[in-house]
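I opened this notebook page to record what I looked up in the structure.

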Amino acid sequence: MKRDELRDMGLSDEQVTKVMGVHSAEINDLHSQMTTLTGERDQYKNELESNSAKLKDLQKNAKDNEELQGQLDSLQKQFKQSQDDSKQKIADIKLNSAVDVAIAGSHARNSKAVRALIDMDKVKMGDDGKLTGLDDQLTGLRDSDSYLFEEQPKDTSNSTVGGNPSGGSGNNDNSRDAFRQALGLKSE
C-alpha cells in the first residue's frame, strides 16, 4: 500500500497518515510473528538433525552388543516420538499463523480480543492449507460484537447523480467539464 494510491482514492493527507499507521502496525505484528515462527522452525530442524546423528552413531557402535541394541531401540522410539511431536507443533504453528492472518484480514480492531473469542477446537486446516470453521465464527462475532471490527466503507462506485448537472443555467461547458472531472469521467 502506497501513499499515492490512497491519495488517488481521494483520501486527505491526514487520512492517509492514519491508514498508513494502522497498516504499519499490522505489518509489524505479522513480521514479528513470522520471525518467531521461523526461529521455532529452525530449532526443530536442528533438533531433528542432532537426533539423527546420534542414532547413526549408536547404530555403528551397537552391531553385536545386546545392551547397546536395547539402548538403540529405546532411542529410536524416542526419536519417533520426537518427530511426531515436532510435526504436531509445526501443524499447530501453521494453524495459528493462518488464523492470525485471517483475523487481520477481517479488519479486527484488536486481533487478540477477537482471537480470545474464537473456539480453536472448531477451526481445522485442510491439506490444501484452507481453514474451516473460522469464517462462520468471524461472521458470528461481526454480528454479535461488531465493535471489535472496523466498519468497511460501502462501495459507491456505481452511484449515479440525478438532476441536471449544469444547474439549469443552460449550456455551461466549464461547469459540466469540472463535474465530469470530479466524477472521473471523460469530457465530451
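Entry 1, the core. I began with the largest nonpolar core of this predicted model. I counted 12 residues in this core: Leu95, Val99, Ile103, Ala108, Val114, Ile118, Val123, Leu134, Leu138, Leu141, Leu148 and Phe149. H3 supplies the largest share, namely 3 residues. I noted for context that nonpolar side chains tend to be buried together in soluble globular proteins.

I looked up the contacts of Val99, leaving aside its neighbours within four places in sequence. Val99 is in contact with Arg115, Met120, Val123, Leu131 and Leu134. Val123 and Leu134 are also listed among the core residues.

I located Ser106 in the loop between H3 and helix H4 (111-116). Is Ser106 buried or exposed? Its relative accessibility is 9%, so Ser106 counts as buried, the cut-off being under 20%. Not counting residues up to four places away in sequence, I found that Ser106 touches Leu138, Arg142 and Phe149.

I recorded 6 helices and 2 strands, in the order α-α-α-α-β-β-α-α along the sequence. Buried residues make up 15% of the 188 residues. The chain exposes about 14300 Å², with carbon and sulfur atoms supplying 49% of that area. Among contacts with a separation of 6 or more, 50% join residues 24 or more positions apart.

Methods: Residues are numbered from 1 along each chain as its sequence is written. This is a predicted model: local features need pLDDT of at least 70, side-chain atom pairs count only at pLDDT 80 or more; totals for chains, interfaces and linings use all residues. Side-chain values use heavy atoms; hydrogens and water are left out. Helices (H or I, at least four residues) and strands (E, at least two) are DSSP runs, numbered from the N terminus. Buried means under 20% relative accessible area, exposed over 50%, partly exposed in between (1.4 Å probe, protein chains only). Contact means heavy atoms within 4.5 Å. Accessible areas come from the Shrake-Rupley method with a 1.4 Å probe; for residues, only the protein chains shown count as cover. A nonpolar core is a set of buried Ala, Val, Leu, Ile, Met, Phe, Trp, Tyr and Cys residues joined through side-chain atoms within 4.5 Å.
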